[in-house]
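This report covers a surface patch, aromatic contacts and salt bridges. The sequence and structure are shown first.

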Amino acid sequence: MWKTALKPRWIAGFIFAIILSGVFVLLSQWQFGRSTQPEVPVNPASEQVQPLTSTLQPGEFFHGSVADQMVTAQGTYSPDKQVLVPGRLHDGKSGYWVVSAFAVNGAPALTGAGASPQTWIPVARGWVAQPGDAAAPPSGVVELTGRLLPSEAPVAGKAPKPGEASAVSVAELINYWDVSSYPGFVSATAEVVGGQDLSASAVPGKLLPLNIGPQPPEQHINWLNLFYSIEWVVFAGFAFFIWWRLVKDDYHRDLEEALEDGDEAPAGGLHETPPLPHGPEQQHPDQHQQKVQP
């Protein structure tokens with residue numbers, strides 16, 4: 001069969017099958033890429049700064065539509081309400097997030113047992129390499145600007161050290177600070193006091209800015225595109241199958257022609273049995289046999 005496959009036309013056919021299957025594989029990769037693309041692009045409206053008090057209400061569920069929203073608020077920091085969250089990376093180095101409690105001016109006050117007179121929100125002010133590098137937050141009335149993010153889940157089975165928290169979890173932090181809080185936190189990008197920005201992004205020092213950008217939307221699998229990607233792979237294999245099938249059929253045709261050429265009957269029809277010879281030997285086959293007398 002290899003002799004048949006090495007015919008010039010089948011070599012050319014094999015090259016064509018390779019090219020065709022390569023095109024099918026590229027189409028499969030394109031369809032696979034489309035099957036995992038986010039259906040909804042990043043919302044540009046989230047980069048427009050909105051007042052925190054009109055974007056999110058304390059005591060309510062954190063809606064996904066306000067996640068990553070840039071917000072602004074006026075208020076004051078409490079220097080005794082600050083924790084470090086360990087295990088946070090910055091340029092490949094592990095360190096700490098500095099998280100401070102921020103009392104929001106004009107925020108609705110929660111009611112009920114254990115509610116504080118003011119409503120607070122945790123603010124991730126920056127990153128430090130060592131706990132001793134974390135300075136106190138700015139004093140006075142602060143014009144805060146940052147990205148609003150949902151609360152993290154506390155790390156189970158991990159007891160934080162004094163002055164530390166396992167995560168930026170509102171449920172965990174309100175127990176440390178004994179305050180009422182918004183159901184989320186802010187990653188600070190600006191902290192303006194008296195017209196001067198005192199944030200980590202504006203003042204060089206050991207406190208480095210977090211620079212948290214908008215998170216990409218959750219990727220959804222498009223099953224139709226995924227099916228098409230698998231289908232193109234099948235087509236690529238089918239191209240080689242068609243080439244092999246054509247070569248096999250040509251090989252069997254060559255075998256049939258060779259058998260027909262070798263099995264042709266000789267001229268003269270059927271074979272005839274030659275006649276027995278006539279002669280003395282035929283007439284007297286037992287001339288040397290002795291007769292037995294009775």
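Met 1, Phe 238, Phe 241, Ile 242, Trp 244 and Leu 246 make a nonpolar surface patch of about 540 Å². A patch is built from residues with over 30% relative accessible area and no salt bridge, joining like charges within 9 Å and nonpolar side chains (Val, Leu, Ile, Met, Phe, Trp, Tyr) within 5 Å. Accessible areas come from the Shrake-Rupley method with a 1.4 Å probe, and for residues only the protein chains shown count as cover. Met 1 belongs to the segment before helix H1 (2–5); helices (H or I, at least four residues) and strands (E, at least two) are DSSP runs numbered from the N terminus. Met 1 counts as partly exposed because its relative accessibility is 36%; buried means under 20%, exposed over 50%, and partly exposed in between (1.4 Å probe, protein chains only).

The model is predicted: local features need pLDDT of at least 70, side-chain atom pairs count only at pLDDT 80 or more, and totals for chains, interfaces and linings use all residues. Residues are numbered from 1 along each chain as its sequence is written, and side-chain values use heavy atoms, leaving out hydrogens and water.

There are six aromatic pairs in the structure. Rings of Phe, Tyr and Trp (its six-membered ring) pair if their centres lie within 6.5 Å; planes under 30 degrees apart are stacked, over 60 edge-to-face, and the rest tilted. Phe 14, Phe 240 and Trp 243 are linked by ring pairs into a cluster.

The charged end of Lys 81 is 5.3 Å from the ring centre of Trp 120, and Arg 88 lies over the face of Trp 97, 4.5 Å from the ring centre. The criterion is NZ of Lys or CZ of Arg within 6 Å of the ring centre and within 35 degrees of the ring normal.

The whole structure holds six salt bridges, each a side-chain nitrogen of Lys or Arg within 4 Å of a carboxyl oxygen of Asp or Glu. Among them are these:

| Salt bridge | N to O distance |
|---|---|
| Arg 147 – Glu 47 | 3.0 Å |
| Arg 125 – Glu 191 | 3.3 Å |
| Lys 206 – Asp 133 | 3.6 Å |

Arg 147 is in strand S5 (residues 142–150) and Glu 47 in the loop between helix H2 (8–35) and strand S1 (50–51), so this pair ties together parts 100 residues apart in sequence. Arg 147 is buried at 5% relative accessibility, whereas Glu 47 is partly exposed at 39%.
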